[in-house]
Amino acid sequence: MPDAAPDPVYHAPPAATLLRTPLDLLDAIYDRRSGLTHLVGEPVPAILDALAAGPASAADLMQRLADDYAIEGELAALRARLAELAALGLVDARAL
Amino acid sequence: MSDHQDPSANSAQSPAASRRRVLQLGAIGAATVISVRPALAQTAVSVMTCEIPVPDPSRASQYVAADGSLVAPGTPGAVPGAAMPFKGEDVRNVMTHGGRLPGTTAEQNEAYVNYIRRLRSGTGGFTCFASIQMPR
């Protein structure tokens, strides 16, 4: 049986790291570490709020979001969003 | 004359689930974040050679803890600062692809990378670090 790489666990950054401001259709997120401002649309604010409750794998996060939302989209789409956020430093992908 | 639409009064029958907001996860290939550059003076060329000292020269005598904070020399679990500053390109490669900063042990690498992640405006190396964060 081939060994699949374990799913990463995604961690929200420490609370004071990101400064978030809703702007009608988008949120503006200032990352104090990088000095970058990110303009984010759905589903990013929901993802960040859900991760604030604690680290989660993509599958766990899907469950968490499904508690509060009627999800449109597959797990693969959520993985793509998480990978994008990890690449920007807005979430941390770790082995645990 | 307005139509008064009466929302369902049978709240006992409607579970919270049916009133949940829709959340669209988006297309797999699409990018959903636009990142705005800060007004910094680094050019693309200088990103490769700009340097990040660990730690900032004004605090060179301090040690770096595993979480990147600066602590008193000799603190258990902390490592001395790096002898030489790191190149922006090397830091970007490590943060993008993993691996270790040149010449570091695993312990040093973890401490230094976390130190760099915590850099703030005004600390040496911040401008270089912010430049390597630029989306392509």
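What follows goes from the interface to the nonpolar cores. The model is predicted.

Start where the chains touch. On one side stand 23 residues of chain B, and they are in contact with 29 residues of chain A. Two strands of chain B, β1 (21-24) and β2 (33-36), each supply at least two residues of the side that touches chain A. What is the make-up of that side of chain B, in nonpolar, polar and charged residues? It divides into 12 nonpolar, 6 polar and 5 charged residues.

Strand β6 of chain A, residues 69-72, is joined to β1(B) by 4 bridges. The two strands run parallel.

Next, turn to the cores. The largest nonpolar core has 23 residues. Which of them touch the most other members? They are A:I47, A:L51, A:L61, A:L85 and A:V91. Three helices of chain A give two or more residues to this core: α1 (44-52), α2 (58-68) and α3 (75-88). The largest share comes from α3(A), with 6 residues.

A:L85 deserves a separate view. Set aside its neighbours within four places in sequence, and A:L85 is in contact with A:V44, A:I47, A:L90 and A:V91. Of these contacts, A:I47 and A:V91 are also among the core residues that touch the most other members.

Technical notes. Residues numbered from 1 in each chain as written. Chains lettered and ligands numbered in written order. Predicted model: local features only at pLDDT ≥ 70, side-chain atom pairs only at ≥ 80, totals over all residues. Contact = placed C-beta atoms within 7 Å. Nonpolar A, V, L, I, M, F, W, Y, C, P; charged D, E, K, R; others polar. Pairing = 2+ DSSP bridges. Core = buried A, V, L, I, M, F, W, Y, C linked by C-beta atoms within 7 Å. Buried ≥ 20, exposed ≤ 12 C-beta atoms within 10 Å, placed from the backbone.
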